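Okay, thanks for coming, everyone. Let me put the model up and then walk you through a few spots in it.

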Amino acid sequence: MDRRKFYVVGDLVANVTIGVIVALATWLIVGPNWNMWLSMISMMALGMVLGLVLFFPFSIKLGAHETMIPAMYTGMWAGMFVGMIAAMMPLTMRHAAELGAMVGGAEILFIWIVNTLLRGISRETGEG
Amino acid sequence: MADLLTQAKWDKLAPRFDGMTSQGAEKRWEPAKRDLFSHMRGKVLFLALGTGLDIQHFPPGQDILAIDISPKMVELAQPRLAAYEGDISARVMDVHEMDFAPESFDQVFTSCTFCSVPNPVDGLKVLNRVLKPGGQLFMFEHTGSRFYPFRQMMDLMTLISRRIGPDMNRHTVRNVREAGFRIIEVKNVYLDVVKTIRAERH
């Protein structure tokens, strides 16, 4: 895990921001009359695409790989999660934004944990 | 004849290259790159030079020949080449068509190179040929991932990224082995996607 404060805070801010934006876009599109599965799948795809676009301004200071990979996952999960809830019940804009922020924070935490496990010298047989 | 499509792609990207990478990736990867380049000894071949951003991480006083397929990149690298405190020169050259005599170099260093070389195993075989027996290959590369869900995501990203620049899903460690090198060490820098590879010519 990158322990430099700038990158720790930067990664968190980037993913929370992307999570909120994707959640708000989903909230604008999906209503309680939507089929839940259709909403989840379509908003997951939309979230991925938005993540792939929104990572770019953050990548200029934080690095392309370190922003692109988490941003796509944050977009995917935020779209799917908020899409599911928005299809099941009426959702306020604030609630949608909070859910998006939560997903963004959880996603970057997941990436930090995985990165901590994978970083360092790998087995000599490791591919990739 | 050089791969004109690859050359044109990187020539087109050259004016925007520093803006895209100098503040983000270069700063973030600086510790790992400095660590890798600290192994430079003897006659060194470096690829791909790009706009010369990596030169700031080279230890001073080395004897380095750098190549890049893009004339525009090499042109933009001139100030950084001039500022290096050591013996460094640059040539426009395609890795597939390197005209160096066999066993010309003690070491070869690469930096984000084999994400873009069209035929990576062939290119690595050329590096094997120009290395002296026992010579070492040091690589700083981004590759695909072995793990779900990153592997699938890198495959998806490559559909877009290869149109403007590099592939995101290369199996570079496997390619190095296939080109006849013995892997000494693979060190992950970010996930198992950004990594350093150290290998030796058999």
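Before I go on, the ground rules. This is a predicted model, so local features need pLDDT of at least 70 and side-chain atom pairs count only at pLDDT 80 or more, while totals for chains, interfaces and linings use all residues. Residues are numbered from 1 along each chain as its sequence is written, chains are lettered from A and ligands numbered from 1 in the order in which they are written, and side-chain values use heavy atoms, with hydrogens and water left out.

Back to the rings. A pair of aromatic rings is described by the distance of the centres and the angle of the planes. Here, Phe, Tyr and Trp rings (the six-membered one for Trp) pair if their centres lie within 6.5 Å; planes under 30 degrees apart are stacked, over 60 edge-to-face, and the rest tilted. Searching the whole structure gives twelve aromatic pairs over all chains. Take B:Trp10 and B:Phe17: centres 6.4 Å apart, planes at 75 degrees, so that one is edge-to-face. Both B:Trp10 and B:Phe17 are buried, where buried means under 20% relative accessible area, exposed over 50%, and partly exposed in between, using a 1.4 Å probe and protein chains only.

Next, helix H5 of chain B, residues 120-130. Helices (H or I, at least four residues) and strands (E, at least two) are DSSP runs, numbered from the N terminus. Why do I call H5 largely enclosed by the rest of the structure? Because eight of its eleven residues are buried. Among them are B:Leu124, B:Leu127 and B:Asn128. The buried residues of H5(B) pack against several elements of chain B, including strand E1 (43-47), strand E5 (131-142) and helix H7 (172-178); contact means heavy atoms within 4.5 Å.

Now B:Ala14, in helix H1 (residues 4-21) of chain B. B:Ala14 is buried, at 2% relative accessible area. Leaving aside neighbours within four places in sequence, B:Ala14 touches B:Thr51, B:Lys72, B:Met73 and B:Leu76. B:Thr51 sits 37 residues away along the chain, yet the two C-alpha atoms are 7.3 Å apart.

Most residues other than glycine have a negative phi, and most peptide bonds are trans. So where are the exceptions? The bond from B:Leu47 to B:Ala48 is cis, with omega near 0 degrees, and B:Ala48 is in the loop between E1 and strand E2 (63-68) of chain B. B:Tyr148 and B:Pro149 are also joined by a cis peptide bond, with omega about 5 degrees. As for phi, B:Glu103 has a positive value of about 60 degrees, and B:Glu103 is partly exposed at 40% relative accessibility. B:Leu191 has phi near 50 degrees; B:Leu191 lies in the loop between E6 and E7 of chain B and is buried at 0%.

Last, a quick look at chain A. Chain A has four helices and one strand, in the order α-α-α-α-β. Its C-alpha trace spans about 55 × 30 × 20 Å along the principal axes, and buried residues make up 48% of its 128 residues.
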